[in-house]
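Open the model in your viewer and show it as a cartoon. Keep the sequence panel beside it. We will go from stop to stop, selecting as we go.

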Amino acid sequence: MPPVFPMLTVLTMFYYICLRRRARTATRGEMMNSRRTIESNSRTLPINSEVVQYAKEVLDFSSHYGSENSMSYTMWNLAGIPNVYPSSGDFTQAAVFRTYGTWWNQCPSAPLPFRRTPQNFQSQDYVELAFEEPVYPTAVHVLETYHPGAVIRILACSANPYSPNPPAEVRWEILWSERPTKVNTSQARQFKPCIKQINFPSNLIRLEVNSTLLDYYTELDAVVLHGVKDRPVLSLKTSLIGMNDLDEEDYEEKDVCGMEVLCKQFNNATLREWTNNGYFDKLPYELIQLILSHLTLPDLCRLAQTCKLLYQHCCDPLQYTHLNLQPYWAKLNDTSLEYLQSRCTLVQWLNLSWTGNRGFISVSGFGRFLKVCGSELVRLELACGHFLNETCLEVISEMCPNLQELNLSSCDKLSPQAFNHIAKLCGLKRLVLYRTKVEQTSLLSILNFCSELQHLSLGSCVMIEDYDVIASMIGTKCKKLRTLDLWRCKNITENGIAELASGCQLLEELDLGWCPTLQSSTGCFANLARKLPNLQKLFLTANRSVCDTDIEELANNCSRLQQLDILGTRMVSPASLRKLLESCKNLSLLDVSFCSQIDNRVVLELNASFPNVFIKKSFTQ
C-alpha cells in the first residue's frame, strides 16, 4: 500500500491556500483575529496573524486643495480612522489634491511636456503615509468617498520612518500599478487592488494619482494596510491562486527603469569588435539621431550596449537636451547623476521633481552635476525636492545663468533665507513657489530683479505678511506677466487687486481662489474684468460675494474667457450665467458648485443650450 503522507501534504497546502484566500476577503473583524490554525495529520500549524492598521501619519505629499493652516481638504485627513466613509459626497474632512481633469493642462500657465517620458509613468501627484508597525503587505485598501479612480500606483518602502537609525539601503517596490481608467460613478467605494508580495516588511506606503479622467476632485478618506509580521510562505499576488504563485521568481521586481543598473550600462564597458555595423553605417548621422530621439532613457542605455556606432550615438549630448528623470525618482541617486554627467553637457530642460529624497541625492552630488550641466539650462523642475537647501539654490544661481523656468513647488523644507538667491536669476520667465516658505523680503527682491517674469505661482505661501505689497510690486515691475496664482492668499484686498490690474494688463490667467478678504462690493472683480480683457482663466473659488454684476462685466469685457470657477457664491443668478455663456464662445469650464441660486435643473437647461461647456455642479450628499 503506497504511503498517504504525500497526499496529506498536498491537501494541507490546498487547505492553507483556501484559508489565505478567505482571509483576504473576510470581514475586518475576522481579519483582526490573533491566530488562525489548520489541522493536518494530527499536527497544528500556526499561520501568521494579520495586522490591520490605518495610517498613523502623513509624511509627504505633492499638493492638496486645502490650506496649510487648517485640516479642511488637506492630505493630513488621511491619517487615522475614516472621517467620512461610507458616506459619499464633498466633505471638508477628506483629503483632496489640488487639480482634476484636463483643465490645468489647457490653461496658459501649463508647462510644455517633456519628451521621452515613459508611457507607463503617468503619475501627477503623490502622498506618503507612515503606519505604526512594519508588516509584509497582503492588502492595501483605499477608502474613496468622492469621484474615485485617481489612484494608479501603490508603492512600499523598506525604510522605517520611526527607526532611530538611518537605513543602510532604501528600496521602493511597486505593489500595484495601472493606467488611468474612467470610473463611471462619483459614489464612495473601498478600492482593494490585488497587490504583489514583496520580500521586506514596510510601514511606509505611497499612493500616486492621476486625475485627468475625473469629472471633479477625487476625495480620499483613509488608507488601510493589511499585513503579516513574518514573511509569508506562499505568495498572494492574485485572487485566483495557480501553480505559478508558488514560484518566488514571479514576484521579483522587474524594474526595467532601474537607474542603478542602467547607469552602470552607460559606463565605458568593453564592446565586442565587429567588422561593420550593418546598414547603420550607410545612414546619415542626423537620421540615426532622429530615430534615437524617440527612445526613452532606459532604451538608450540598453541600445548603447549593442555596438560602438550606437554607443556613440546613445552617448551624444544632443540626445539629452531634454532630460526627464522624474519617472525614475525611486532609483535615482548620486551615482546615477555621476554616470550621466558627461552626456548632459548640453541639457536645456532638466526634470528632477520628486527625486533625491531620503538621502538618495546629496547636496554635494547635486552641486557637482550642475557645475557640469548647468551652463545651458533653461528649465529646471525641482518639485518636492526635499534634499534641497540654501547651498543648492546658491549653486543654481551661480551655475545656471541662462535659466528661464524654475519650479520649486512643495519644496516646503527650504529655509526662508534660501530664496534670496533666486533674485540673481534675472532672466526668469516662470517661477513656481507653491507651498514654499518664501518670505516677503525675499519675494520683493525677486520681483525687483526678475522683471521678465511671465508666469508666477504664489499659491499657499503662508509666510508672506502683506499680499497688497506684493501685488503692488508685481504691478510695478512685472509688466510682462501672463499668469498669476494667488491661491489662498489670506490678506490681499481690493487695493492690491487694483495695482495688479493696472500694471499687468497682459494677464491671461488669475487664480484668486479662497481669498476671503476680497469683497465684490468694493468693485474689485468688476475692475478686473474691465482692465484685463485677455483673461482666459479666472478662479474666484469660495468667494461668497461674487454677484451678477461681476458676471455681466466678464461677459461684456472678457470674450476670450475659457475657464471660470465661482464655487460657493450665493449672488449669481441663472440669467447672468446665460449671458456669460452667450458672450464667451470659448468657455469650456464653468464651476458653479454650491452656488445656491443654481440648482440641477438650471444646470441641465444650460447644458442643453451650451453642450460644449463643462458645467460642474457639486453638492454634499
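On this tour, two residues are in contact when heavy atoms of theirs lie within 4.5 Å. Keep in mind that the model is predicted.

**Stop 1: the whole chain**

Start with everything selected. The protein has 621 residues, and 55% of them count as buried. Its secondary structure comes to 16 helices and 23 strands. Take the contacts with a separation of 6 or more: residues 24 or more positions apart account for 79% of them.

**Stop 2: Pro516**

Select Pro516. This proline lies in the loop between β19 (509–511) and α13. What does Pro516 touch, not counting residues up to four places away in sequence? The answer is Cys489 and Lys490. From C-alpha to C-alpha, Pro516 and Lys490 are 6.4 Å apart, although 26 residues separate them in sequence.

**Stop 3**

Select residues 322–324, the strand β12, and residues 614–616, the strand β23. The 12 strands form an open sheet in the order β12-β13-β14-β15-β16-β17-β18-β19-β20-β21-β22-β23, with parallel pairing. β12 and β23 stand at the edges with a single partner strand each, so one side of each is left without a neighbour in the sheet. From one strand to the next, the twist averages 5°.

Strand β22 (residues 589–591) runs parallel to β23, and three bridges join the two.

**Stop 4: α13 and α14**

Select residues 524–531 for helix α13 and residues 548–557 for helix α14. How do the two helices cross? Their axes come within 8 Å, at an angle of roughly 0°. Angles under 35 degrees count as roughly parallel, so α13 is roughly parallel to α14. Show the side chains of the contact. From α13 come Phe525, Ala526, Ala529 and Arg530; from α14 come Asp550, Glu553, Leu554 and Asn557. By class, this contact has four nonpolar, one polar and three charged residues.

Stay on α14. Its buried residues include Asp550, Ile551, Glu553, Leu554 and Ala555. What do the buried residues of α14 pack against? Colour these elements to see them: α13, β20 (537–539), β21 (563–565) and α15 (574–583).

**Stop 5: α11 and α12**

Next, select residues 467–477, helix α11, and residues 494–503, helix α12. The axes of this pair also come within 8 Å, crossing at roughly 10°. That angle makes α11 roughly parallel to α12. On the α11 side, pick Asp468, Ala471, Ser472, Ile474 and Gly475; they meet Asn495, Gly496, Glu499, Leu500 and Gly503 of α12. The contact of α11 with α12 divides into three nonpolar, five polar and two charged residues.

**Stop 6: the cysteines**

Show the cysteine sulfurs. How many disulfides are there, taking a pair of sulfur atoms within 2.5 Å as one? The count is zero. Cys478 has its nearest cysteine sulfur on Cys504, 6.4 Å away. Cys478 has 0% relative accessibility, so it counts as buried. For Cys547, the nearest cysteine sulfur is that of Cys524, 9.8 Å away. Cys547 counts as buried too, because its relative accessibility is 15% and the cut-off is under 20%.

**Stop 7**

Move to residues 202–209, strand β10. Why is this strand largely enclosed by the rest of the structure? Eight of its eight residues are buried.

Strand β6 (residues 125–146) pairs with β10 in the antiparallel sense over seven bridges. Among these, Val127 has Leu207 of β10 as its bridge partner. Strand β7 (residues 151–157) also runs antiparallel to β10, joined by six bridges. Here, Arg153 is the bridge partner of Glu208 in β10.

**Stop 8: Ser211**

Finish at Ser211, in the loop between β10 and β11 (219–228). Is this serine buried or exposed? Its relative accessibility is 2%, so Ser211 counts as buried. Leaving aside neighbours within four places in sequence, Ser211 is in contact with Thr99, Tyr100, Gly101, Gln124, Ala150 and Thr218.

Methods
Residues are numbered from 1 along each chain as its sequence is written. This is a predicted model: local features need pLDDT of at least 70, side-chain atom pairs count only at pLDDT 80 or more; totals for chains, interfaces and linings use all residues. Side-chain values use heavy atoms; hydrogens and water are left out. Buried means under 20% relative accessible area, exposed over 50%, partly exposed in between (1.4 Å probe, protein chains only). Helices (H or I, at least four residues) and strands (E, at least two) are DSSP runs, numbered from the N terminus. Two strands pair if DSSP finds at least two bridges between them. Axes are lines fitted to C-alpha atoms, for helices over the stretch in contact, and angles run from 0 to 180 degrees between N-to-C directions. Angles under 35 degrees count as roughly parallel, over 145 as roughly antiparallel, 65 to 115 as roughly perpendicular and the rest as oblique. Ala, Val, Leu, Ile, Met, Phe, Trp, Tyr, Cys and Pro count as nonpolar, Asp, Glu, Lys and Arg as charged, and the others, Gly among them, as polar. A disulfide is a pair of cysteine sulfur atoms within 2.5 Å.
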